[in-house]
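Biologist: Hi! Could you walk me through this one?
Modeller: Happy to, here it comes.

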Amino acid sequence: MVQSLELNVKVNPKKLRYFYVRDIKDLKVAGVNGEMSAALKRVVQHLDGISEKPCVETVIPNTEKTTKMWRYWMRKEPQAFDMLLGNGVPLNGFVELVKKLLGQSEYTMASIYSLIDAMLPFGDTTKIESITRVCKNYVKELLGDDGVLLIPSAPSTAGFHYSALVQIYKFSYWSLFNSLHLPVTQVPLGLDSKGLPLGVQIVAGPNCDRLCLAVAEEIENSMIGWIPPFETT
């Protein structure tokens, strides 16, 4: 596996092809806010300045169905979540929800949400597999072995505690590539106006992790990079 990744092969970021996506357009997910969009734009402008070819905006087919793809493929994992969470004993999400409301469940609400979600129908499986295949093939053909895709890490920076229980599918910006089984590197881009971390994802084709890492290193060395979201002494 390590040999197939060819991590020892030197990658020149100036020779790569760059593409970017502004928004996945999934109606279950809030649109990308201004500061996350601006962070993506800064990266695009930087890479435009060093690369031999300009960054090209693209629209990936079927990303508006990201949540459906993720829900389906999570259930195709070899280990069932309810069995893993219950340490070998299957759990019922609705039972755990009632216990949680009574203060008797040992599991988090996020875990209980996942248990309940696994019990709900997810639609036409043949159609979901088809739209996933179209989506993945598009990205693979677009990027080849010398292209990378830039996309916001999330629609916004970190929310208040427990806000994820309301904004359930905010994670769709990275769960999309989990569903497609593609390598991704998350790159920090400083802080927003509230002092919360900004970021962008670098996506590459199968076994092209080295491209993600090379671009991440270029961005880290040339732009703001990681800043601790707290005062240092």
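Biologist: What follows H7?
Modeller: Gly144 comes after H7, and its phi is positive, near 55°. Helices here are DSSP runs of H or I with at least four residues, strands are E runs of at least two, and both are numbered from the N terminus. This is a predicted model, where local features need pLDDT of at least 70, side-chain atom pairs count only at pLDDT 80 or more, and totals for chains, interfaces and linings use all residues. Residues are numbered from 1 along each chain as its sequence is written, and side-chain values use heavy atoms, with hydrogens and water left out.

Biologist: And what caps the N-terminal end of H7?
Modeller: That's Asp124, with a side-chain oxygen 3.0 Å from the backbone nitrogen of Thr126.

Biologist: Which residues of H7 are buried?
Modeller: Ile128, Ile131, Thr132, Cys135, Val139, Leu142 and Leu143; buried means under 20% relative accessible area, exposed over 50% and partly exposed in between, with a 1.4 Å probe and protein chains only. Seen down the axis of H7, these fall within an arc of 105° (taken from the directions from the helix axis to the C-beta atoms), so they line one face.

Biologist: What's on the face turned away?
Modeller: Thr126 and Glu141, both exposed.

Biologist: What do the buried residues of H7 pack against?
Modeller: Strands E1 (17–20), E3 (147–152) and E5 (197–204), plus H3 and H8; contact means heavy atoms within 4.5 Å.

Biologist: Switching topic: where does Ser105 lie?
Modeller: In the loop between helix H5 (93–101) and H6.

Biologist: Buried or exposed?
Modeller: Ser105 counts as buried because its relative accessibility is 13%. Among the residues Ser105 touches are Lys99 and Ile112.

Definitions and conventions:
A polar contact is a pair of N or O atoms within 3.5 Å; within protein, one must be able to donate a hydrogen and the other to accept it, and residues adjacent in sequence count only if both atoms are side-chain atoms. Lists of a residue's contacts leave out its neighbours within four places in sequence.
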